[in-house]
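Please walk me through this protein model, from its overall fold down to single residues.

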Amino acid sequence: MAQFEGLTPGTWPLDASHTSAGFTIRHAGISRVRGQFVELSGSLTVDENAEDLRFEANLQTASITTSNEDRDNHLRSADFFDAESHPSLTFMSTELKGDKLHGDLTIRGTTRPVVLDFAYEGAATDPFGTYRAGFTGQTTISRKEFGLTWNAALETGGVLVSDEVKISIEAEFTAPTAA
C-alpha cells in the first residue's frame with residue numbers, strides 16, 4: 001500500500017484541465033517540434049487493496065496543437081492522424097511493474113504495446129476540497145509502426161520528420177465521489 005499512499009479504491013476520473021498529453025519530434029534533423037492534444041478524457045481504476053492500477057485515456061486527434069495552424073491542419077489530415085476517419089487515440093494499461101506502465105496504444109486503428117516510464121507523484125486535497133492524485137509517464141514510439149509514414153526528403157540528406165516520437169504525460173485524477 002505504501003507505493004500508492006493515499007489512493008482509495010474505485011474509478012477516478014481524469015481532470016483534463018490539469019492534464020497534459022504531449023509529444024516531441026525532430027524536424028529537419030536540426031530542431032524539435034512540440035505538440036499536445038487539448039481534448040482528452042480518461043480514468044484511473046484502483047483495486048480494493050490500492051495495489052493494482054488501471055489507466056484508460058482517449059485523446060481527440062482534431063484537438064492537436066503545435067502553435068502553427070498550417071502544421072496542425074496537416075497533422076489532422078490523412079497524411080498523419082486522419083482525424084476525420086480516426087477521431088481519437090487511445091491508451092489502455094495492461095500491467096504495472098514497478099516504475100514501468102505497460103499498455104496498448106492505438107493510433108489510426110493500429111494497436112501496439114508500449115511501455116511508459118511511470119511515476120506516482122502523490123495525492124492531496126486542493127483548497128476547494130477535491131482530493132486528487134498525480135502521475136507522470138514518458139515513452140518513445142516509432143510513428144511508422146502506427147501507420148504515420150508521411151515524410152519529405154531533404155536536399156542535404158535525411159528526412160523532414162523523424163520516425164522517433166517522444167511522448168510525455170502529466171495526469172491528474174480526482175477521487176471517486178460517494179454514491
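The model is predicted. The UniProt record, an unreviewed entry, places the feature "domain: Lipid/polyisoprenoid-binding YceI-like" at residues 11-174. Over that stretch the chain is 58% strand and 5% helix.

The strands form an open sheet of 11, with antiparallel pairing. Read across the sheet, the order is S1-S4-S5-S7-S8-S9-S10-S11-S2-S3-S6. Strand S1 (10-13) and strand S6 (64-65) are the edge strands, since each pairs on one side only. Strands of a sheet pair through backbone hydrogen bonds, either parallel or antiparallel.

Strand S11 (residues 161-174) shows the pairing in detail. With S2 it pairs in the antiparallel sense over seven bridges. Here glycine 22 has serine 168 of S11 as its bridge partner, and histidine 27 stands opposite valine 161 in S11. S11 also pairs with strand S10 (residues 131-142), again in the antiparallel sense, over 11 bridges. In this second pairing, phenylalanine 135 stands opposite alanine 171 of S11.

The largest pocket has a volume of about 890 Å³. Its lining comprises 48 residues, and those nearest its centre are Gly22, Phe23, Phe37, Leu89 and Ile167. By residue class, the lining of this pocket divides into 32 nonpolar, 11 polar and five charged residues.

A pair of aromatic rings is described by the distance of the centres and the angle of the planes. The structure holds 11 aromatic pairs. In one of them, the rings of phenylalanine 23 and phenylalanine 37 have centres 6.2 Å apart and planes at 50°, so the pair is tilted. Phenylalanine 23 belongs to strand S2 (residues 20-27) and phenylalanine 37 to strand S3 (residues 31-37), 14 residues apart. Phenylalanine 23 counts as buried because its relative accessibility is 13%, under the 20% limit. Phenylalanine 37 is also buried, at 6%.

A second pair consists of phenylalanine 55 and phenylalanine 118: the ring centres are 5.7 Å apart and the planes lie at 65°, so this pair is edge-to-face. Because phenylalanine 55 is in strand S5 (residues 53-60) and phenylalanine 118 in strand S9 (residues 110-125), the pair ties together parts 63 residues apart in sequence. Phenylalanine 55 is buried at 8% relative accessibility, and phenylalanine 118 is buried at 9%. Both rings belong to a cluster in which ring pairs link Phe4, Phe55, Phe118, Tyr120, Phe135 and Phe173. Phe135 is the residue that stands opposite alanine 171 in S11.

Last come the backbone angles. Most residues other than glycine have a negative phi, and most peptide bonds are trans. Alanine 28 has a positive phi of about 60° although it is not a glycine. Alanine 28 sits in the loop between S2 and S3 and is partly exposed at 23% relative accessibility. Aspartate 82, likewise not a glycine, has a positive phi of about 50°. Its place is the loop between helix H1 (69-76) and strand S7 (88-97). Aspartate 82 is buried, with a relative accessible area of 15%.

How values were computed
Residues are numbered from 1 along each chain as its sequence is written. This is a predicted model: local features need pLDDT of at least 70, side-chain atom pairs count only at pLDDT 80 or more; totals for chains, interfaces and linings use all residues. Side-chain values use heavy atoms; hydrogens and water are left out. On a 1 Å grid over the protein atoms alone, a cavity is a set of points where a 1.4 Å probe fits but cannot get out, and a pocket is an open set with protein on both sides within 12 Å along at least five of seven lines; lining residues have an atom within 4 Å of a point. Grid points are joined across faces, edges and corners, and a volume is the space filled by probe spheres set on the points. Ala, Val, Leu, Ile, Met, Phe, Trp, Tyr, Cys and Pro count as nonpolar, Asp, Glu, Lys and Arg as charged, and the others, Gly among them, as polar. UniProt positions are given in the numbering used here, feature names are shortened, and annotations may be inferred rather than shown by experiment. Helices (H or I, at least four residues) and strands (E, at least two) are DSSP runs, numbered from the N terminus. Rings of Phe, Tyr and Trp (its six-membered ring) pair if their centres lie within 6.5 Å; planes under 30 degrees apart count as stacked, over 60 as edge-to-face and the rest as tilted. Buried means under 20% relative accessible area, exposed over 50%, partly exposed in between (1.4 Å probe, protein chains only). Two strands pair if DSSP finds at least two bridges between them.
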